[in-house]
Amino acid sequence: MRCPFCGNIDTQVKDSRPAEDHVSIRRRRFCPACGGRFTTYERVQLRDLVVVKSSGKREDFDRSKLERSIRIAMQKRPVEPERIDQMISGIVRRLESMGETDISSKVIGEIVMETLARIDTVGYVRFASVYKNFQEAGDFDRFVAELRPKVREDE
């Protein structure tokens with residue numbers, strides 16, 4: 001593993017332990033050239049995924065991009081970071097196990113929204129506002145109205 005500080009390719013692993021509910025390995029590393037210390041994570045990757053955008057553009061799946069968007073939606077919410085990590089790992093495993101290497105961004109967005117809806121409603125609405133490209137307050141009103149349970153007229 002290349003040192004992020006000096007570029008030396010001969011770094012040493014000082015400590016390894018399971019992370020994210022045993023779906024990855026966290027490694028503390030040390031660079032003998034500059035003395036820098038850094039952490040790496042190792043995960044199983046079943047296949048290389050390609051995201052097909054609505055414009056038709058194709059790009060490699062980037063777990064960190066998915067993680068960033070979910071963490072922004074869940075910012076300042078009462079959900080433990082470990083729970084968010086588990087959710088992200090679950091989404092990635094679900095995408096990898098679909099059997100397809102090409103996955104549309106629409107499918108990824110729907111899976112994320114479905115998962116967020118089960119964990120935190122506010123995070124779900126935040127993510128949906130970006131994913132569905134809300135333009136005005138009325139877009140929020142309509143979306144939140146769909147979340148509310150319907151009250152029957154005869155009650």
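Author: Asp15 and Arg17 form a salt bridge, with their closest N and O atoms 2.8 Å apart. The model is predicted: local features need pLDDT of at least 70, side-chain atom pairs count only at pLDDT 80 or more, and totals for chains, interfaces and linings use all residues. Residues are numbered from 1 along each chain as its sequence is written, and side-chain values use heavy atoms, leaving out hydrogens and water.

Reader: Why is the pair Asp15 and Arg17 called a salt bridge?

Author: The term requires a side-chain nitrogen of Lys or Arg within 4 Å of a carboxyl oxygen of Asp or Glu. Here the closest N and O atoms are 2.8 Å apart, so the pair meets the cut-off. By this rule the count comes to 12 salt bridges.

Reader: What makes Asp15 buried, partly exposed or exposed?

Author: The relative accessible area decides: under 20% is buried, over 50% is exposed, and in between is partly exposed (1.4 Å probe, protein chains only). Asp15 has 28%, so it counts as partly exposed. Arg17, with 44%, is partly exposed.

Reader: Why does a spacing of three or four places matter in an α-helix?

Author: An α-helix has 3.6 residues a turn, so residues three or four places apart point the same way.

Reader: Which class does Arg118 fall into, buried or exposed?

Author: With a relative accessible area of 60%, Arg118 is exposed. Glu114, at 37%, is partly exposed.

Reader: How do you know that the span of helix 3 is close to what is expected?

Author: The expected span of a helix is 1.5 Å times one less than its number of residues. Helix 3 (residues 105-119) has 15 residues and reaches 21 Å from its first C-alpha to its last, close to the expected 21 Å. Its buried residues are Ile108, Gly109, Ile111, Val112, Met113, Thr115 and Leu116. Among the elements that cover them are strand 4 (50-52), helix 1 (63-73) and helix 2 (81-96).

Reader: Why does Arg29 have no salt bridge?

Author: Lys and Arg count as positive and Asp and Glu as negative; His and the chain ends are not counted. For Arg29, which is buried, the nearest side chain of opposite charge is Glu42, 5.6 Å away.

Reader: What makes a polar contact with the side chain of Arg29?

Author: The side chain of Thr40 does, at 3.1 Å. A polar contact is a pair of N or O atoms within 3.5 Å; within protein, one must be able to donate a hydrogen and the other to accept it, and residues adjacent in sequence count only if both atoms are side-chain atoms. Leaving aside neighbours within four places in sequence, Arg29 is also in contact (heavy atoms within 4.5 Å) with residues including Met1, Val13 and Phe38.

Reader: How do you know that strand 2 and strand 3 pair?

Author: Two strands pair if DSSP finds at least two bridges between them. Strand 2 (residues 24-30), where Arg29 lies, is joined to strand 3 (residues 37-43) by seven bridges, so the two strands pair. They run antiparallel, and Ser24 has Arg43 as its bridge partner in strand 3. Six residues lie between the strands of this hairpin, where Gly35 takes a positive phi near 85°.

Reader: What phi does Lys76 have?

Author: Lys76 has a positive phi of about 60°, although it is not a glycine. Its place is in the loop between helix 1 and helix 2, and it is exposed, with a relative accessible area of 80%.

Notes. Helices (H or I, at least four residues) and strands (E, at least two) are DSSP runs, numbered from the N terminus.
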